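Subject: Structure handover

Hello,

Here is the structure, with sequence. My notes follow below it.

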Amino acid sequence: MREPPPLTAPPLHAPPRHAGAAVRPALSEPVQPSLAAPAPDLRAQRVAPSVQKPVAAGWTRHAAPERPPEPQPEPAPKPRQSRPARRREVAPSRLAYRMERLWLTPMFRVAMRYGMPVLLVALVLAVWLGNDARRAAMANQIAEWRLAIETRPEFMVSMLAVEGADPALDAAVRQVVGIELPQSSFHIDLDATRARVATLDAVKDVQVAVRSGGVLAVTITEREPALIWRQDSGTMALIDGDGKRVALILERADRADLPLVAGDGANRAAAEALALVKASGPLQKRLRGLVRIGERRWDMVLDRDQRIQLPQDNPVSALGRLIALDQAEDLLARDVKTVDLRLKTRPTLRLAPQALAQMRRAQGLETAESDL
Amino acid sequence: MTDLYHTQRAMRNMRRAAMQRGVVAILDIGTSKIACFILRFEGAERLREVDGVGSMAGQSQFRVIGAKITQAHGMRYGEISRMAEVESAVRTAVQGAQKMANVRVDHAIVCFSGGNPRSYGLAGEVELMDSVVTEGDVGRVLAACEMPDIGTGREVLHAQPVNFALDHRTGLGDPRGQIGNRLSCDMHLLSVDAVVVQNILHCIKRCDLELAGVASSAYVSGLSSLVEDEQELGAACVDMGAGTTGISIFIKKHMIYSDCVRMGGDHVTSDIAMGLQISTAKAEEIKAKHGGVVATGMDDRDMIEIGGDSGDWEKDRRQVSRADLIAIIRPRVEEILEEVRARFDAAGFDYLRSQQIVLTGGASQIIGLDGLAARILGQRVRLGRPMRIRGVPADRTGPSFAATSGLCLFATHPQDEWWDFDVPAERYPARSLRRAMRWFRDNW
């Protein structure tokens with residue numbers, strides 16, 4: 001039978017109150033180890049199993065002593081200050097033990113640490129967004145915030161600056177850009193603007209950028225007209241060295257400084273035409289234009305309706321040879337209608353009819369020829 | 001017997017599963033303390049069989065990563081007397097160790113000292129089918145050992161083959177692959193009370209652990225306290241615990257005898273408590289601080305305050321001389337040793353060539369015990385400490401932890417037992433098909 005330990009330490013001067021006190025005087029004689037009976041020691045939590053070995057005679061087990069009626073304990077018993085016996089370790093409850101083990105399970109740990117918060121947030125969101133009105137309100141709110149940020153003055157573009165274009169092109173560019181200003185820079189599609197501007201004939205290259213200070217800068221590199229191209233239909237266009245059309249003109253005289261090319265496909269061989277014009281050198285004063293024949297080769301037309309038929313391959317060197325011949329023999333000053341350089345090994349001349357007749361007469365040849 | 005065979009095989013499988021998983025709990029359920037170590041298996045040798053013990057005395061494979069000791073309550077004589085208290089103590093120990101290791105363990109290997117272990121020597125003999133010994137032949141010869149009458153309500157705890165003989169060649173450790181005609185074996189069988197084992201099984205199950213093995217603590221403390229040549233040449237280990245004193249005799253690295261004296265350090269404590277009229281806790285403290293077994297003249301003048309908190313000045317100021325204390329302790333220790341001596345005599349320890357005795361266990365730490373034991377048990381007595389286990393805190397390596405350390409070694413290098421070999425097919429009952437059907441029905 002185990003007694004609960006007394007909860008209050010009895011004061012030394014007061015008469016002992018607890019149960020064992022009644023029998024204590026009988027046992028407080030000098031201690032005789034072998035004779036001592038297992039005293040009803042109230043402080044011991046656990047009485048060791050008594051050894052079934054009576055050591056000496058007179059060993060008897062005491063019955064539990066009679067207990068006098070115990071006085072009521074004080075209303076608020078103070079806990080004891082110190083407990084000499086080793087404190088018993090508090091065992092975890094079954095639930096705590098199981099929870100601890102569960103918590104040490106790696107899968108469970110991962111699930112609790114990552115899976116659970118994610119799940120919880122997802123759940124809350126799902127419940128909150130389940131309502132249509134709330135979802136619409138949220139979308140509105142977000143759009144509002146977005147607009148508020150986009151229309152801040154830092155992001156507004158209020159001016160269009162076109163650089164590198166002459167006044168006519170400037171106007172055309174401004175028309176093509178077609179952006180209502182002021183507008184937020186978030187709403188301006190620079191790539192599309194650039195593509196639109198690049199469709200203009202006169203624009204070789206364009207860069208579009210939003211500069212600080214709310215400026216939409218369109219930097220243009222213009223095409224330089226290099227040739228006048230007269231098409232078979234009679235329209236005349238300015239083309240650059242690559243053959244790209246720059247503008248239309250009404251009359252040849254508008255750009256008298258530029259050489260003229262004609263014929264289908266002349267624009268595709270613009271580079272060659274420019275090289276020929278450059279190589280014509282002393283003939284340049286007499287040059288009327290270049291005609292593209294069969295989209296294949298050039299004829300150079302000089303004044304007095306002289307025509308130089310150039311070969312398909314290496315027309316520039318052929319022209320060089322002709323110029324050398326001209327300087328040596330003064331060929332082109334004579335009454336020659338056509339110089340045919342198409343066969344490299346056999347240049348051919350066509351004389352004017354009068355000149356031909358005269359040459360034949362000089363050679364003593366009589367021909368039947370008409371006056372036509 | 002067959003049920004037990006299956007139980008033990010199931011435990012063996014559980015142990016394999018634990019080794020696969022890499023952690024196992026070692027649970028030493030003693031009378032005064034419950035120790036839980038958590039072993040983690042590591043290294044390359046973990047998954048393959050190695051010959052012998054392996055490197056670092058077999059300790060390269062594992063390491064203790066959690067250790068917790070708690071006071072045992074509800075244990076008497078190494079047996080469970082109050083299940084709920086033992087269960088909560090086991091929970092405390094396991095939880096503490098888990099917390100230290102920071103892993104969860106699901107498998108426990110348990111040792112205990114109670115249950116009146118009793119040893120039997122068995123012998124079996126078979127004719128070999130063909131001349132080469134196979135694993136099946138080993139199983140057959142183990143099954144051929146005739147079962148002694150171990151009494152009702154008793155279970156086999158260990159059944160270890162200790163010796164094989166092939167024709168006239170005896171002392172074979174491993175007969176497999178050898179050539180001969182007749183294979184015989186000697187087996188050592190240790191039986192304990194079935195109720196004790198079942199209580200422990202139940203207690204472990206209530207702590208949500210799977211039992212992966214049981215061992216006798218006398219056996220495992222012998223494994224850890226005897227050095228290798230003592231195990232080889234023959235020695236006895238006396239594990240003086242709190243409630244029981246276990247005896248195990250080893251020769252050729254096998255335990256050949258084990259017994260138990262149901263007295264231990266707690267009895268000394270309770271003698272002191274009764275003799276001096278003090279609490280058990282105080283008696284334990286006085287025993288540990290001032291105890292001894294040999295009194296000298298100085299001890300008469302060495303006064304010990306035994307104290308008390310009764311409030312009575314006369315009682316609380318008592319003093320006792322150390323000689324008086326020794327006079328209480330010594331008869332009990334002598335009695336324990338005499339009992340041990342009686343068990344040795346009964347086992348025929350005198351006939352062993354080497355009569356080395358190793359004292360270990362918590363109660364062996366009392367001062368002067370080796371001198372006293374030498375007088376009673378024989379001259380070749382030494383105090384033993386368990387083998388050092390990797391990872392164990394330094395304060396958990398004393399003689400009190402002989403069984404715990406031994407259980408770690410046992411868990412990693414278990415001795416071959418009878419149930420490690422397959423029973424030959426003819427031993428299975430003829431109705432095995434029907435049993436299979438029943439098992440199928442029960443489980444689905």
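His107(B) touches Met14(B), Ala17(B), Ala18(B), Val24(B), Ala25(B), Leu209(B), Glu210(B) and Ala212(B), leaving aside residues up to four places away in sequence. Contact here means C-beta atoms, placed from the backbone, within 7 Å. This is a predicted model: local features need pLDDT of at least 70, side-chain atom pairs count only at pLDDT 80 or more, and totals for chains, interfaces and linings use all residues. Residues are numbered from 1 along each chain as its sequence is written, while chains are lettered from A and ligands numbered from 1 in the order written.

His107(B) sits in strand E6 (residues 107-112) of chain B. Strands (E, at least two residues) and helices (H or I, at least four) are DSSP runs, numbered from the N terminus. His107(B) counts as buried because it has 22 C-beta neighbours inside 10 Å. The cut-offs are 20 or more other C-beta atoms within 10 Å for buried, 12 or fewer for exposed, and partly exposed in between. Ile38(B) is 69 residues away along the chain, with 9.9 Å between its C-alpha atom and that of His107(B).

Chain B as a whole has 14 helices and 18 strands. Of its 444 residues, 49% are buried. Take the contacts in chain B between residues at least 6 apart in sequence: 72% join residues at least 24 apart.

Val173(A), Val176(A) and Val177(A) in H5(A) meet Thr193(A), Arg196(A) and Val197(A) in H6(A).

Regards

Definitions and conventions:
Contact = placed C-beta atoms within 7 Å.
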